[in-house]
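Subject: The model you asked about

Hi,

Have a look at it first, then read on.

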Number of protein chains: 2
Amino acid sequence: MRYKAGLETRSKILQATRSLIAELGLEGTTIKAICESAGVRPGSFYNLFDSKEQAIITVVREAIEAVDPDPQHLGTDTLADLVDAYIRFTVEQSDLARVYVRIAVSGTRDNSDLRGRMLRHHEGRVSRFAQAIAREHPELTDEHATQRAETLVSSLNGIAVHRVLDPDFDVALHARALVHMTLTPI
Amino acid sequence: MRYKAGLETRSKILQATRSLIAELGLEGTTIKAICESAGVRPGSFYNLFDSKEQAIITVVREAIEAVDPDPQHLGTDTLADLVDAYIRFTVEQSDLARVYVRIAVSGTRDNSDLRGRMLRHHEGRVSRFAQAIAREHPELTDEHATQRAETLVSSLNGIAVHRVLDPDFDVALHARALVHMTLTPI
DNA sequence: TCACTATTTGAGTACTCACTCTAATTTGAA
DNA sequence: TTCAAATTAGAGTGAGTACTCAAATAGTGA
C-alpha cells in the first residue's frame, strides 16, 4: 500500500465494513458483502487485509480511538472525561460496541492471541482510569485507585452490554451512579 | 418424546452439547459434532429439537436454574445469596457464561425474539435483586431499590464478561465491592 | 520512456454448515 | 398380539463461507 489507489481502496473497504456492521450485524458482514458494497474484488481485499477479522478489528479500533479524550495519553483527562468518552462510544456507536463485546467473548477459553489484545486494551483503560482517580483523590493509595478503576471499568462494560440488549437503557444514569459510588469513601 | 428412548437420547444430546461448549466453544459445537459425540444421527436430533440453537439455549438455561438459590421464587433469598449464585455460575460454569453473553449480543439490533427473552430474564433477575435489597433496607423506596438493583446486575454482568476474558480475575472481590457500594447510603 | 512494483481482477477452490426426507425399526397401550 | 405413533437411520440438499492465484493493468520514481 504505497500508491494512493491502495489507500482509497482501503478506506472504501473500511467504510463498507462499517455500514454493513450497522445494517446487518456481524453475520451480514461477509467478504462478499464487503466487496460488493465497496465495489472491489476479493483479491483487492486480500491485497490490503490479511483476513476479514482484521478489517473488522480495524474499524472497531478506529472508532474507539475517535472518541478518546486524550489520544496522546498526556494525562490531561479527568475521570468524568473518560467515563463520558466511554458512554459516547457505547451510545453513539452501539453497533460497534456490540461487535467489540462479541469479539471479546468469541472463540474458546484458550484463544490467546485475540483475547490477549483485548486484555491489554482493557488494562490500558483501567490504568488511565486509575490515574485519573488518583489525580482527583490523592488520599487513595495506587493500589486502591487501581482496584476501584478495575471494578468501575468492568461495571461500565456491563452497562454497555446491557445497552446493546436494551436501546432504552439509560447508560448515563447508571454510569453516573457507578462513578459516584466509586468515588465515595468507604 | 413420550417413550423413554426419546428421553435418553435427549439427555445424551444435551450432555454432548455441554461437553462440546466447554471443549471447543460455540464454533466447535456443530450439529455434526453433537451427533457424533452423542452417538446419534441428525434425524434423531431434529426429532427432539427444532434447531441447534434450541439445544444450546436449553443447556444454558438448565445450568442457570441449577444454581438458583430460590428456584420456587418464594422470596427467601438474600442479596448475598443471589450474588453468590451469580458468582458461582460465572466461575464454575464459565464456558456457559461465555455462551450466555454471546447469545445476548448476537444478531442484529432488531432481532427481537431472542433478545426479548434475554431481556425478560434480566428483568426477572433485577426484580429479585430489588426485592432482596428492599427486604434488607426497608428505608429505600421501591424505585430506588430497583434502580440500584439494575446498576448492580448490569455491573455484575460486566464482571462476568471480564472473567471470561481473564480467568484470573477475582470475581468475588469485585462483586463484593459492588454489593458494598450498592448498599452504602448516598 | 522505461522498468519495477503496487494494485486489481474474478473465476475458482475446498470446505462447512444446518437441516431434510423417506424408509425402517422400536415401543407400549389396548 | 396388534398397530399407530414414536423414534431412528443416514445419505443427501443447497446454500453458504473465507480465501487463493495467475494473469492483466495501472502508478510512479528514475
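Let's start with a loop. His73(B) sits in the loop between α4 (52-66) and α5 (79-92) of chain B; helices here are DSSP runs of H or I with at least four residues, and strands are E runs of at least two, numbered from the N terminus. Before going further: this is a predicted model, so local features need pLDDT of at least 70 and side-chain atom pairs count only at pLDDT 80 or more, while totals for chains, interfaces and linings use all residues. Residues are numbered from 1 along each chain as its sequence is written, and chains are lettered from A and ligands numbered from 1 in the order in which they are written.

Back to that histidine. Most residues other than glycine have a negative phi. His73(B) is not a glycine, yet its phi is positive, about 60 degrees. His73(B) counts as exposed, with 12 C-beta neighbours inside 10 Å (exposed means 12 or fewer other C-beta atoms within 10 Å of its own, buried means 20 or more, and partly exposed is in between, with C-beta atoms placed from the backbone). In chain A, His73(A) lies in the loop between α4 (52-66) and α5 (79-92), has a positive phi of about 55 degrees and is exposed, with 12 other C-beta atoms within 10 Å.

How are the two chains related? A rotation of 180 degrees with 0.0 Å of shift along its axis puts chain A on chain B, at an RMSD of 0.1 Å (least squares on the C-alpha atoms of residues with pLDDT of at least 70 in both). The two copies are thus related as by a two-fold rotation axis. The same surface serves both, as 100% of the contact residues of chain A recur in chain B.

As for the interface, 32 residues of chain A are in contact with 33 residues of chain B (contact means C-beta atoms, placed from the backbone, within 7 Å). On the chain A side, the largest share, 12 residues, comes from α8(A). By class, that side has 14 nonpolar, 11 polar and seven charged residues (Ala, Val, Leu, Ile, Met, Phe, Trp, Tyr, Cys and Pro are nonpolar; Asp, Glu, Lys and Arg charged; the others, Gly among them, polar).

Finally, the DNA. 23 residues surround DNA strand D, and the closest are Thr30(A), Gly43(A), Gly6(B), Arg41(B) and Gly43(B). Near means a C-beta atom, placed from the backbone, within 6 Å of the strand. The largest share of this surface, four residues, comes from α3(B).

Cheers

Definitions and conventions
Contact = placed C-beta atoms within 7 Å.
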